[in-house]
Amino acid sequence: MKRLGHAALVEDGRLDQVASDLSRMTAEKSVPTSSVLTFLLRYYGVVEPEPNLIEIRGERGAEPSAIEDLGRQVGAMSTASTWRQVGIGIWRLGDAWSATIALQEDSLVVAPLPRALPSGGHAVISGRVDSAYRSPEVLVTPPTGAVARLPLQLYGPAFTARLECNLGDGVYQVEVTAEDRRGPTVLANFPVYCGVALPLSVQVAAAGAANVTDPRSVETQILDLMDRDRASNGLPPLQRDSRLAKVAEAYSREMAEGGEIAHLSPRTGNAVDRIRAAQISPMPTTVAENVGRDYSAEAIERALMASPGHRDNILSRAVTHVGVGVALGKREGNAIPIFVTQVFAGWGL
């Protein structure tokens with residue numbers, strides 16, 4: 001990091017634990033890192049932004065070349081300058097070893113808060129966003145499923161919000177968002193367990209090779225899954241709009257080319273700009289956008305529904321039409337990443 005002109009990293013004991021468990025669990029079985037990571041972050045109480053992961057595997061004697069390769073990887077990653085904390089985990093099994101490096105930004109600092117609350121309990125969520133961000137919001141999905149924005153008290157970059165377990169026992173999914181040069185960004189997404197026990201284990205299925213080759217089939221799957229989730233919440237399906245789909249597909253290709261997930265592009269602006277450039281008339285009165293990246297349609301929809309802000313877009317009553325666009329990224333080992341854009345529109349009065 002010093003050679004690259006970046007600030008020195010600070011070791012974070014929680015990230016050490018996450019990285020150590022990741023190395024062990026993913027080395028012993030071929031399991032999807034994303035599902036294990038989500039559980040471990042919650043288990044060790046990490047509510048800050050999800051860390052960037054670098055995973056390295058090798059045989060005894062390959063450590064020096066692996067460290068050289070790590071230096072090259074770090075130098076090639078555009079996000080390196082924003083990293084502040086690091087956790088490192090090593091797992092050895094015979095002559096083979098597995099290493100995980102977890103690198104985290106400091107775009108959000110959240111004061112310690114309980115992971116579990118009693119029935120009807122409450123907690124104060126207190127945090128501070130980095131100077132690059134503005135307009136923080138705290139959203140919550142209670143057990144009833146309806147997304148709400150918590151009232152905030154703002155003190156410059158700092159904020160406080162009161163979370164109340166007033167809608168029954170269960171999981172209250174909390175999300176902190178703010179805006180930067182890339183548009184609205186999720187800075188934290190974590191559960192608080194009200195009146196129910198904390199989960200102490202995770203079950204994951206073995207990961208098979210992801211061989212997605214047809215973006216159109218993924219688009220259809222995502223649309224079907226969206227219809228399913230809206231139906232389960234008493235909402236009608238959204239009308240497929242080919243014009244919105246073209247906008248979404250073009251933006252997914254742009255994200256896949258750059259390898260970055262963001263709502264705001266230096267080339268095409270935001271979702272409203274992209275719809276306006278497509279000359280869709282009349283201009284919608286309501287526009288919303290979800291963007292994501294994963295390795296299957298099911299994983300993408302599951303992640304979007306687990307995020308209160310994205311869930312709110314999918315279950316919005318103000319939108320009536322949708323377009324979904326998918327682009328495939330560069331192969332990563334035996335998997336191909338899927339970049340997805342969902343563009344929602346409504347023409348209400």
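**Backbone, sheet and helix**

I start with P282, which is found in the loop between α6 (271-277) and β15 (286-294). Helices here are DSSP runs of H or I with at least four residues, strands are runs of E with at least two, and both are numbered from the N terminus. The model is predicted, so to speak of local features we need pLDDT of at least 70, side-chain atom pairs count only at pLDDT 80 or more, and totals for chains, interfaces and linings use all residues. Residues are numbered from 1 along each chain as its sequence is written, and side-chain values use heavy atoms, with hydrogens and water left out.

Back to the loop. The peptide bond leading from S281 into P282 is cis, with omega near -5°. Q279 lies in the loop between α6 and β15 as well, and its phi is positive, near 60°, in a residue other than glycine. As background, most residues other than glycine have a negative phi, and most peptide bonds are trans. Is Q279 buried or exposed? Q279 counts as exposed, at 68% relative accessibility. The cut-offs are under 20% relative accessible area for buried, over 50% for exposed, and partly exposed in between, with a 1.4 Å probe and protein chains only.

S135 is not a glycine either, and has a positive phi of about 55°. S135 sits in strand β8 (residues 134-141). With a relative accessible area of 45%, S135 is partly exposed.

β8 belongs to an open sheet of 5 strands, in the order β6-β13-β12-β8-β9, with mixed pairing. Its edge strands are β6 (116-117) and β9 (148-149), each of which pairs on one side only. Two strands pair if DSSP finds at least two bridges between them. β8 and β9 pair in the antiparallel sense, over 2 bridges. R149 in β9 is the bridge partner of L139.

Last, helix α5 (residues 242-258). How far apart are its end C-alpha atoms? They are 25 Å apart, which agrees with the 24 Å that its 17 residues should span at 1.5 Å a residue. The expected span is 1.5 Å times one less than the number of residues. Buried residues in α5 include L244, V247, Y251 and M255. The cover over the buried residues of α5 includes α6, β15, β16 (321-328) and β17 (338-346). Just after α5, G259 takes a positive phi of about 70°.

Note on methods
Contact = heavy atoms within 4.5 Å.
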